[in-house]
Amino acid sequence: MEAGSEPKTETEIADLQAIAALKESTALELKENGNELVKKGKKHYQEAIDCYSRAIDQKALNDQDTSVLYSNRAHVNLLLGNFRRALTDSQHAIKLSPANIKAYYRAAKACLSLNLLSEAKSYCESGIEKDPSNEELKKLAKQIDLKKMEQEHREAQVSKALAEAKELVSAIEDRRLKLGNAMYRELTGLRKPVLDKNGILHWPVLLLYAEVMSSDFIEDFCETDMFSAHLDIISVYHFESCPPLPWDEKNHYSREAIELYYEAGSGICLSKTKILRYLLEGTAAANVESIGEEEKDAADGYPHGNSAGSSKWVKVNEKRTLHDVLKEPNFIIPMIPVFYVVSKRSAFYKDFITGKWTPPV
């Protein structure tokens, strides 16, 4: 028959009715086949989806029965992890039959898996409104509420970590300190400076005995503290201990013999964005895609590096504060301040101050 024409004869009407009945029978058979395939397990899930799809394509069933087909296909897509397809099928099912409670459940389940928590809760509420005694929907609603609470808690942690890191960067900028790439991460780990409630910086500081590359770590070196105070404390445990340190057989590293140095102008000043990324390592905000500084500050600063073999060592005056030393124009902090301890009594001392020794890469 031509498109748009109506059957006129009894034969034409009978033929069309027969075709419709055949299509309906085929659709119902495909639906049952799909149901049986689902029962057989995961290896047959794709075949089940094909059956439901072919049944839908027959366009022979009423809205309620077609809604069931979409809902069944949504169920299998959920089992396969095709959450977006499951949601689309569930939405079709609900549109065709707003009374299809399973479709609401599957729509909510798909949304939960896609982390669309508000939408998931909405589908649950709609389903419960139509079937107040549905325990599956009530249980799923509790899961969604729990996940929403966890997400809100996580978002709060991210915001807090980001705010603290930005406040720390501002404090560093206000002091005109320069930060470069981290060194000796195997020794320093994820340690970072801390800004206290009075706006004072507390730095973790690495002390390296250059001669043997042994190390000490000062966990909390307040920027207002003098170096002598911390070296005096360390001397109680090391320099004045008996016996001396295992590698200091000649006891060269006594308190009065040691000197402290930093390497001047070594490395490149990092951009604000890279400093923020470093400070966020190990926090809830470590993997955030945007930290709000990329466009304003995308490039690293100017290099301060010396040519190979010409490292310049600057002696630290122990009566100065950490803040006074860190703000020196030629001091680029490798994320955590690093100072080198040498002994005036050691034969290594001459090689060190004349630049014949350089830190290992």
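## Aromatic pairs and a cluster

Rings of Phe, Tyr and Trp, the last taken by its six-membered ring, count as a pair if their centres lie within 6.5 Å. In this predicted model, one aromatic cluster is formed by Tyr261, Trp313, Tyr340, Phe348, Phe352 and Trp357, and the structure holds 15 aromatic pairs.

## The pair of Tyr209 and Tyr253

A pair of aromatic rings is described by the distance of the centres and the angle of the planes. For Tyr209 and Tyr253 the centres are 5.9 Å apart and the planes stand at 75° to each other, an arrangement that is edge-to-face. Tyr209 belongs to strand 3 (residues 201–209), while Tyr253 sits in the loop between helix 9 (227–237) and strand 5 (258–264), so the pair ties together parts that are 44 residues apart in sequence.

## A charge over a ring

Another aromatic residue, Phe217, has Arg191 lying over its face, at 4.2 Å from the ring centre.

## The surroundings of Glu318

Glu318 is placed in the loop between strand 6 (312–315) and helix 11 (322–326), and its side chain makes a polar contact of 2.9 Å with the side chain of Arg255. When neighbours within four places in sequence are left aside, the residues in contact with Glu318 are Met226, Phe227, Ser228, Leu231, Arg255 and Ile258.

Key:
Residues are numbered from 1 along each chain as its sequence is written. This is a predicted model: local features need pLDDT of at least 70, side-chain atom pairs count only at pLDDT 80 or more; totals for chains, interfaces and linings use all residues. Side-chain values use heavy atoms; hydrogens and water are left out. Rings of Phe, Tyr and Trp (its six-membered ring) pair if their centres lie within 6.5 Å; planes under 30 degrees apart count as stacked, over 60 as edge-to-face and the rest as tilted. Helices (H or I, at least four residues) and strands (E, at least two) are DSSP runs, numbered from the N terminus. A charge sits over a ring if NZ of Lys or CZ of Arg is within 6 Å of the ring centre and within 35 degrees of the ring normal. A polar contact is a pair of N or O atoms within 3.5 Å; within protein, one must be able to donate a hydrogen and the other to accept it, and residues adjacent in sequence count only if both atoms are side-chain atoms. Contact means heavy atoms within 4.5 Å.
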